[in-house]
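Subject: Structure handover

Hello,

Here is the structure I promised to pass on. Please open it next to this email, and my notes follow below.

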Amino acid sequence: MSLSTPQRLTVTVSALSPYGEGIAVADGKEIYLPQTMIGEVLEVEVGEPFTPNSKRCPGKVLRFIKADPHHVLPEHYECAFYGRCGGCQLQHVSYEQQVAVKQQAIASALNEVEQQVGPECKLQGALAALVTCTSRPCRFKSLRYFGTDEHGVLTLGFYAGRSHEVVPVDSCPLEPERFGELSQSLLKLCQDLHLAAYQEPAPTPVGRKGKSKGKTQEQAAVSAATELAATSVAQTMSQPQLRALLWREGDDGAILGCLVLTQQPADNIEQALRDWAQAHHVQSMALSVNNSSGNALHMTVSKSLVGAEGITKTLLGQKFRFFIEIRGYAYVHTFGAPICIYEILL
């Protein structure tokens, strides 16, 4: 957060963002405050807008003037990575209050659909069947991203909040334990195979209009370094790069996995990944390709390595089948009829 012109304000959180941040409105600004709750009164420092000329700004909490009684202190967080990792947004809220917040969000979404479709769909009744998760693990899907640390070592983890910076995470207490074990083992294999993480392209600098009368020595050095970096990137891009890793757990602990790369790997790498999946008893494992720039994970092709039939998961008494489909979509089937198609992966 940039604080080149810091401004201190006393604010009251009035809403939550989709990222779980508290939102306070003051001095013509919407101030986004991580790890805060509605109704809390805070002294904050306001940063520069997220984008030029925007009223939305990040904020840094300096002092709690009035804290919510449901606010959980850092020493009681379930995960040591909370606050850096963006995989969770509400660990600072008691579980009972988390359920209330999520129920309200679901009710608002269902109400919006009912207004568009008509009250005859009676979606609000779905809340009566809401199942809370009072035990751990309570998540059965994980999407990790590959990155590179300051020493150039391949890492695997989750994005930091409002960022594409990868926070290396070995395991998550909200996930099945096998997700962490499989992720760390596969990360080690990818390191041994000398696979690199995908690097998002840097923004192209905007040059000034007008003709130059010639390059200075410094400009020539910068130009040469830029050309060398471009050549290095082109050479790197000729090899498959790692983008993301999906896990989903089904009934009886069955595991579905998908490794997303920038292109199909060489036969020896593919075989090594297949051998690994079989040795670790992954019931369904696929490779998917995404060669687009940027961060979106729309795949263009998928290839099954192990277990093409996918896995099943029982939710509220209904069985669903999950598998990676060749066009880069995940079809969700009840037995007998497809009910939905989701972009990317589920």
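In what order do the six strands of the open sheet lie? The order is S1-S5-S6-S4-S3-S2, and the pairing is mixed. Bear in mind that this is a predicted model.

The sheet

The edges of this sheet are strand S1 (7-12) and strand S2 (15-16). Each of them pairs on one side only. Strand S6 (residues 56-66) shows both kinds of pairing. With strand S5 (residues 41-46), S6 pairs in the antiparallel sense, over six bridges. With strand S4 (residues 29-33), S6 runs parallel, and three bridges join the two. Here Tyr32 has Pro58 of S6 as its bridge partner. As background, strands of a sheet pair through backbone hydrogen bonds, in either a parallel or an antiparallel way.

Helix H1

Helix H1 covers residues 95-117, which is 23 residues. From first C-alpha to last, H1 reaches 33 Å. That is close to the 33 Å expected at 1.5 Å a residue. Four residues of H1 are buried: Gln98, Val99, Leu110 and Glu114.

The cores

The largest nonpolar core has 26 residues. Phe146, Leu186, Trp247, Leu259 and Met285 have the most contacts inside this core. Several elements give two or more residues to it, including strand S8 (154-159), strand S11 (241-249), strand S12 (255-261) and helix H4 (267-279). Strand S13 (284-289), strand S14 (301-306) and helix H2 (177-192) are also among them. H2 gives the most, with six residues.

Which residues does Leu186 contact, leaving aside its neighbours within four places in sequence? They are Leu245, Trp247, Leu259, Leu273, Trp276 and Met285.

Another core, of 15 residues, lies apart from the largest one. Its members include Tyr145, Ala244, Val260 and Ile324. In general, nonpolar side chains tend to be buried together in soluble globular proteins.

Best regards

Definitions and conventions:
Residues numbered from 1 in each chain as written. Predicted model: local features only at pLDDT ≥ 70, side-chain atom pairs only at ≥ 80, totals over all residues. Heavy atoms only, no water. Expected span 1.5 Å × (residues − 1). Buried < 20%, exposed > 50% of the residue type's maximum accessible area, 1.4 Å probe, protein only. Pairing = 2+ DSSP bridges. Core = buried A, V, L, I, M, F, W, Y, C linked by side-chain atoms within 4.5 Å. Contact = heavy atoms within 4.5 Å.
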